[in-house]
Amino acid sequence: MRHLQDKVKNFCEQHNLSTSSEARFLDLVSELGELSKEILLQSDYGKKTIDNSARLEEEVGDTIFSLIALSNSLDIDMEAALVKVLKKYELRAHNGSIGSATK
């Protein structure tokens with residue numbers, strides 16, 4: 001993941017896309033909204049199963065880019081964060097529930 005974080009960091013620097021962490025977060029939420037809308041449209045609001053499409057792939061890509069840019073702005077190593085959360089979920093699974101309601 002470090003490679004992807006470096007790639008996004010370099011891209012943002014090359015294209016003068018520096019901004020605050022707050023703006024990065026709002027951009028991520030916006031991209032999640034666009035992804036949600038695309039899923040709703042393709043599924044006819046949950047009435048049918050969706051398949052991969054160029055548009056869906058683009059929206060997922062936008063969301064990933066925004067999450068990586070946010071992580072970079074907060075100086076968070078995404079791989080380390082993922083390893084920690086997987087350990088947390090592993091403990092939850094052993095306790096019978098992997099849901100977020102369990103602390």
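Predicted model: local features only at pLDDT ≥ 70, side-chain atom pairs only at ≥ 80, totals over all residues.
Me: Thanks! Why is Asn16 called exposed?

Reply: Asn16 has a relative accessible area of 65%, and the cut-off for exposed is over 50%, so Asn16 counts as exposed. Asn16 sits in the loop between H1 and helix H2 (21–42).

Me: What makes the phi of Asn16 worth a remark?

Reply: Most residues other than glycine have a negative phi. The phi of Asn16 is near 50 degrees, a positive value in a residue that is not glycine. Asp75 also has a positive phi, near 55 degrees.

Me: Where is Asp75, and why is Asp75 called exposed?

Reply: You will find Asp75 in the loop between H3 and helix H4 (78–94). Its relative accessible area is 72%; exposed begins over 50%, so Asp75 is exposed.

Me: And Ile76, why is that one called partly exposed?

Reply: Ile76 lies in the loop between H3 and H4. Its relative accessible area is 36%, which falls between the limits of 20% and 50%, so Ile76 is partly exposed.

Me: How do you know that Ile76 meets residues beyond its sequence neighbours?

Reply: A contact needs heavy atoms within 4.5 Å. Setting aside neighbours within four places in sequence, Ile76 is in contact with Gln5, Ser71 and Ala81. Ile76 and Gln5 are 71 residues apart in sequence, while their C-alpha atoms are 9.6 Å apart in space.

Me: Why are H1 and H3 called roughly perpendicular?

Reply: Helix H1 (residues 2–14) and helix H3 (residues 54–73) pack at about 85 degrees, with axes 9 Å apart. Roughly perpendicular covers 65 to 115 degrees, so this pair qualifies.

Me: Which residues make that contact, and of what classes are they?

Reply: From H1 come Arg2, Leu4, Gln5, Val8, Lys9, Phe11 and Cys12, which meet Phe65, Ile68, Ala69, Ser71 and Asn72 of H3. The contact of H1 with H3 has seven nonpolar, three polar and two charged residues.

Me: What makes up the lining of the largest pocket?

Reply: The largest pocket has a volume of about 250 Å³. Of its 16 lining residues, Lys9, Cys12, Ala69, Asn72 and Ser73 are the closest to the centre. H1 gives the most to the lining, with five residues. By class, the lining has four nonpolar, six polar and six charged residues.

Methods:
Residues numbered from 1 in each chain as written. Heavy atoms only, no water. Axes fitted to C-alpha atoms, helices over the stretch in contact; angles between N-to-C directions. Helix = DSSP H or I, 4+ residues; strand = E, 2+ residues; numbered from the N terminus. Parallel < 35°, antiparallel > 145°, perpendicular 65-115°, else oblique. Nonpolar A, V, L, I, M, F, W, Y, C, P; charged D, E, K, R; others polar. Buried < 20%, exposed > 50% of the residue type's maximum accessible area, 1.4 Å probe, protein only. 1 Å grid on protein atoms, 1.4 Å probe; cavity = no way out; pocket = protein on both sides within 12 Å on 5 of 7 lines; lining within 4 Å. Points joined across faces, edges and corners; volume = space filled by probe spheres on them.
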